[in-house]
Amino acid sequence: MDGWTRITTAWLRFLHSSTRFDYFLPPFSDDAIMPEPDRTNDSYPEYRSHYRPRTRHGWTAVILFVALFALTQPPFVSSLANRIEPTILGMPFLYVYLLVIYVALIGVLIWARRRDV
């Protein structure tokens, strides 16, 4: 065992031995902390990452969400919408701009959920 594994094992043994409620803890063994990898099944299937979209609708939702979210960040907000005039329904333009973008972001999330992306 390397140093960190020994330290972790010693700490867990200490915690296990110093608790008054041992009936909450399973019996302690080194295999419970770091079991040995099973080398018998070398044909373990490889799966795609769940962070990458798998469908066309998923890619559309991700690209649209990132693009809309980029419009709420300082380079775009300070150049496009950093002004009070004109007022729209009595609200400054900046607030209306951000409100429209955030509603569109929520719309993308709802659309993606309905498509089961």
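Which pattern does the protein chain follow when read along the sequence? The pattern is α-α-α-α-α. This is a predicted model, in which local features need pLDDT of at least 70 and side-chain atom pairs count only at pLDDT 80 or more, while totals for chains, interfaces and linings use all residues. Residues are numbered from 1 along each chain as its sequence is written, and side-chain values use heavy atoms, with hydrogens and water left out.

**Figure 1. The protein chain as a whole.** Its secondary structure comes to 5 helices and 0 strands; helices (H or I, at least four residues) and strands (E, at least two) are DSSP runs, numbered from the N terminus. Of the 117 residues, 15% count as buried, where buried means under 20% relative accessible area, exposed over 50%, and partly exposed in between (1.4 Å probe, protein chains only). Among contacts (heavy atoms within 4.5 Å) with a separation of 6 or more, 42% join residues 24 or more positions apart.

**Figure 2. The largest nonpolar core.** A nonpolar core is a set of buried Ala, Val, Leu, Ile, Met, Phe, Trp, Tyr and Cys residues joined through side-chain atoms within 4.5 Å. The largest one has 11 residues, including Ala61, Leu68, Val77, Phe93 and Ala112. Helices H3 (56–70), H4 (74–81) and H5 (93–114) each supply at least two residues of this core. H5 gives the most, with 7 residues. Leaving aside residues up to four places away in sequence, Ala112 touches Ala61 and Val117.

**Figure 3. The pair Phe65 and Phe69.** The structure holds 2 aromatic pairs; rings of Phe, Tyr and Trp (its six-membered ring) pair if their centres lie within 6.5 Å, and planes under 30 degrees apart count as stacked, over 60 as edge-to-face and the rest as tilted. The ring centres of Phe65 and Phe69 are 6.3 Å apart and the planes are at 10°, so this pair is stacked. Both residues belong to helix H3, 4 residues apart, which is about one helical turn. Phe65 is partly exposed at 28% relative accessible area, and Phe69 is partly exposed at 39%.

**Figure 4. Arg83 over the ring of Phe93.** Arg83 lies over the face of Phe93, at 4.7 Å from the ring centre. A charge sits over a ring if NZ of Lys or CZ of Arg is within 6 Å of the ring centre and within 35 degrees of the ring normal.

**Figure 5. Leu89 in the loop between H4 and H5.** Most residues other than glycine have a negative phi. Leu89 is not a glycine, but has a positive phi of about 55°. Leu89 counts as exposed, at 83% relative accessibility.
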